[in-house]
Amino acid sequence: MPTSASSSAPIASSSVSAQSRPVPQDLVGRLSSSAISHEAKLKALRDIKNQIIGNRTKKLSFLKLGAVPSVVGVLASATATATSRIGCGFIGDDHDLDSIIIQSAAAVGSFACGFDAGVQAVLDAGALPILFSLVSHPNEKVVDAGARSLRLIYQSKLAPKFDFFQDQNIHFLLSLLNSENENVSGLGASIVTHSCETKVEQNVLEDAGVLKKLISLLAGSMIQRDASLESLATLLKENPAAILKILGTEHRGALDVVTELTRDKYPRTRLLACMCLIVVRNSYPSYLQDVRTKTQLIAILLELLDDAGQVGDEAPYALSSLIAGKEDMQKLAFEDRVAEKLCKHLEKGPLQARRLQGIFLALADLCSLLECCRSRFLSLKGLQFITNALTNDNADVQAAACICLRNVARSVKNLSAGIFMNEPVIIPLVHLICDASTSVQVAALDAISNIVVDFMTHKTTFIQCGGLKQLVQLSKSMDSTIRLHSLWALKNLMFLVDDRCKETIFAELTQSTLRSLIRDPEAAVQEQALALVRNIVDGSVECIEFILADDALLFHEVVRQLQCASKTEVLVQGMYVLSNVASGTELHKEAVMTQLLPVRPGDNQSIMFKFLQSDDSRLRTAALWALVNLCLPNFPGTYRRVLSIRNAGISSHLKNMLHDPCLDVKLRARTALAQLLIPDA
Amino acid sequence: MSLFWIVIRQLAEIEAMATSKKVITREEWEKKLSDVKIAKEDMNRLVMNFLVTEGYVDAAEKFKNESGTEPDIDLATITDRMAVKKAVQCGNVEDAIEKVNDLNPEILDTNPQLFFHLQQQRLIELIRNGKVEEALEFAQEELAPRGEENQSFLEELERTVALLAFEDVTNCPVGDLLDISQRLKTASEVNAAILTSQSHEKDPKLPSLLKLLLWAQNQLDEKAAYPRIKDLSTAALEDPAV
């Protein structure tokens, strides 16, 4: 088809476009054809490369046409030819062959760039060893192409783990890191970032001198700097020994260089330098304590959030790890108006999912400990942003919004004001607990758990929105995580609720379900089930009847756990159930007495005695509470119970407990002892 | 940079000496300046930096041979970079994209915004050339998926496609897209991305030095009357107004 002649004629415009953008099928076909000239093959390779670079959709469509194995095939045979020529002593340029290698390696790299399906296809086609062989090629351009593609592959989590325990691998890695070529040394650092996961691996690499080499790369080109910052963070993560070394004389100044790089002119370098410092601080808390540096880190990360690209997407995650779990950092973030700035981004919207998720996670961490942060966020229409995100179509965003809501709902003030208990919040949450993704379900359940703690009046709203029915359904899930978190929410729903509401919840849950949850295979589930029962029997005398109805089946289930469970947390909750029952009528107290005091056949101690001697102060406290409730004065049977308790030899043990290291235990022991003395006087 | 610190030091000295505005004569000033030492090699490197960054490859080559100053970048890559820049400036965007990909395939693969702007420029060129059908097809196939990935791209795409809706594009609200300045904007974006990928500053150092000089003079004006440089192109000292 004549191209130059037709380009000016408007009628031929479509044929021109067909000519300039070849059809993918033809291109792939040309690669595997043997009856095609060298030039045509090179052109097909370049066309594929130019079509897929920067274009995800095109990568996918070429992938589906099987382009990756074809391109890797061309790369493999060209590389083999080149190797044999070099082996035969061929010296000089083999321009055509090199061009084929460069173009096909570049295409392979582009398939693997930011596209997991592409990485998988490239790996499946066996490209990795071929690309590695290019790193020692005499032509520098070939080396560049090979190393670039490998770097892109090693940025994906799908790349195979590099085995650092083999000497020849460590030698190879060091040869990469020592290379003058920035793509090759950058590749070495990327391999470290991707493959170093354990403490042992960190040590092997450090012993081999990798840490030292990486520090020297900080002074290199942008590629070397960035790659080195990332892998330094990998080597230093949760590794105080290495951090001590880096702070010591041998590598003096290394962290100053990193600090300097937080002010670099390239945003990505700034971000990576911040992340490296954050890793150091999180793994070695006495480092980075001065307020100025901390404030600067916050300021830099906030500024990076304005970046429109990937750097801006990642900045909130770095901010998150800087402030997570650290009250001092959250206070600083509050003073530096982080909430305001994050909300401004939310307001500006619409944002990409990754960034939106990151911002909500950062806000979640900000609101995790301090009330001032929570009220600031809420005053900035925070709840509105959260409810909008709950209906986002991305699961990660939904989960992040739930986590943020969970932490904001720790605000007792706002909780009692009932600001979370309304349909715009509850309806989407109830919807999300049935989501297909477990992480969304768990995040939504946790948010509900906190919201339903609510004091008194608003709990019916939740039940009316269908929340109770869903929670009960999920408590029977096959997945123990879901059972655990739904039960947690039910427990909180049952907390300080009126008797009528209790009845509704109990009827929905049923006694038999509750019994099977108490003997769940998972101890954590047992603990929550018992804590739920504890909340049922907390309050009026009437509500104790819930667990004594039907031949006291539920009550005996609890007692059974007290006899055979081994996990302290389970025993503590079980003991509080009995302690609450013991606060009831004469009949209730007697029921508890008969379970706690006698020494059972096969045991050498009563349950009460055993728990009072527990190593765990929480269990000692719980047992003492039960004792206190059993001996409450002014009950007809108090004297009789006091006598049996004394006869069981408990009062002398109580005297020892007056010197207990735990203050709570000391205090309850004193009360109990006083009660045991009263009838005599 | 050294020149900057020299001026700052002088500024500090003057501040220490006088509380009222001091007058410095041309002789005093020239004497002070002659005490300042600047290495020839530094000057050469500044000039080389300017030539390299601005893309004067032949001049850089000659300057290298004549002054012995080594450029901090492979001069061949400057030729390639200038070719890319020129291709965009002439509206041959596809050609420019291929050249960038030959230079370093990572640039457009890891810089979605730049890639979108180049594709947008391609669309603009198609519309400019009246290839309506082709433009629509291109927008639909190549650009629409990018718009789905990114909201701000979608808005820019809509603005660009709006060009097709007007009879007289030169007078329409989005007419600025057809302006030559749009090509220059895209060209300089590509140029900067290539320089960044080569770990090279995207701006030469010389203009920043001159900016620092002007700033320092402005600071000094409040404290002293001295021979200042008004015309940067001649760098002539002008007698202080007393």
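Student: How does the lining of the second largest pocket divide by class?

Tutor: The lining has 11 nonpolar, 12 polar and 15 charged residues. Keep in mind that this is a predicted model.

Student: And how much space lies in that pocket?

Tutor: About 1,200 Å³. The lining of this second largest pocket counts 38 residues.

Student: Which residues lie nearest its centre?

Tutor: K141(A), D144(A), R148(A), T77(B) and L103(B).

Student: Which helices supply the lining?

Tutor: Helices from chains A and B. From chain A, α3 (38-52), α6 (95-111), α9 (140-154) and α11 (182-195) each supply at least two residues.

Student: Which one gives the largest share?

Tutor: α6(A), with six residues.

Student: Now cavities. How many are there of 30 Å³ or more?

Tutor: Three, from a search of the whole structure.

Student: Which element gives the most here?

Tutor: α9(A), with four residues. By class, the cavity lining divides into four nonpolar, three polar and three charged residues.

Student: Let's follow D109(B). Where is it found?

Tutor: D109(B) is in helix α7 of chain B, residues 106-109.

Student: Buried or exposed?

Tutor: D109(B) is buried, because its relative accessible area is 13%, under the 20% limit.

Student: What does its side chain reach?

Tutor: The backbone nitrogen of G54(A), at 2.7 Å. The D109(B) side chain also makes a polar contact with the side chain of K59(A), at 2.8 Å.

Student: Which residues does D109(B) touch, leaving out those up to four places away in sequence?

Tutor: I52(A), I53(A), G54(A), K59(A), S110(A) and C113(A). S110(A) also lines the second largest cavity, as D109(B) does.

Student: C113(A) is a cysteine. How many disulfides does a search of the whole structure find?

Tutor: Zero, over all chains. C113(A) itself is buried, with a relative accessible area of 9%.

Student: How accessible is C434(A)?

Tutor: C434(A) is partly exposed, at 39% relative accessible area.

Student: Changing topic. Where is E340(A)?

Tutor: In helix α21 of chain A, residues 338-348. E340(A) counts as buried, at 13% relative accessibility.

Student: Which residues is E340(A) in contact with, leaving aside neighbours within four places?

Tutor: R376(A) and L380(A). With R376(A), a polar contact of 2.6 Å joins the two side chains.

Student: And how far is E340(A) from S375(A)?

Tutor: 12 Å in space, C-alpha to C-alpha. In sequence, E340(A) and S375(A) are 35 residues apart.

Student: What about Q224(A)? Where does it lie?

Tutor: Q224(A) lies in helix α14 of chain A, residues 222-236. Q224(A) is buried, with a relative accessible area of 10%.

Student: Which backbone nitrogen does the Q224(A) side chain reach?

Tutor: That of S221(A), at 2.9 Å. Beyond four places in sequence, Q224(A) touches E180(A), E182(A), S185(A) and L217(A).

Student: Where does D551(A) lie, and how accessible is it?

Tutor: D551(A) lies in helix α35 of chain A, residues 541-564. D551(A) is exposed, with a relative accessible area of 71%.

Student: And phi of A235(B)? What is it near?

Tutor: A235(B) has a phi near 55°, also positive in a residue other than glycine. A235(B) lies in the loop between β3 (228-229) and β4 (237-238) of chain B. A235(B) is partly exposed, at 43% relative accessible area.

Terms used: Residues numbered from 1 in each chain as written. Chains lettered and ligands numbered in written order. Predicted model: local features only at pLDDT ≥ 70, side-chain atom pairs only at ≥ 80, totals over all residues. Heavy atoms only, no water. Buried < 20%, exposed > 50% of the residue type's maximum accessible area, 1.4 Å probe, protein only. Polar contact = N/O pair within 3.5 Å; in protein donor to acceptor, adjacent residues only side chain to side chain. Contact = heavy atoms within 4.5 Å. 1 Å grid on protein atoms, 1.4 Å probe; cavity = no way out; pocket = protein on both sides within 12 Å on 5 of 7 lines; lining within 4 Å. Points joined across faces, edges and corners; volume = space filled by probe spheres on them. Nonpolar A, V, L, I, M, F, W, Y, C, P; charged D, E, K, R; others polar. Disulfide = S-S within 2.5 Å.
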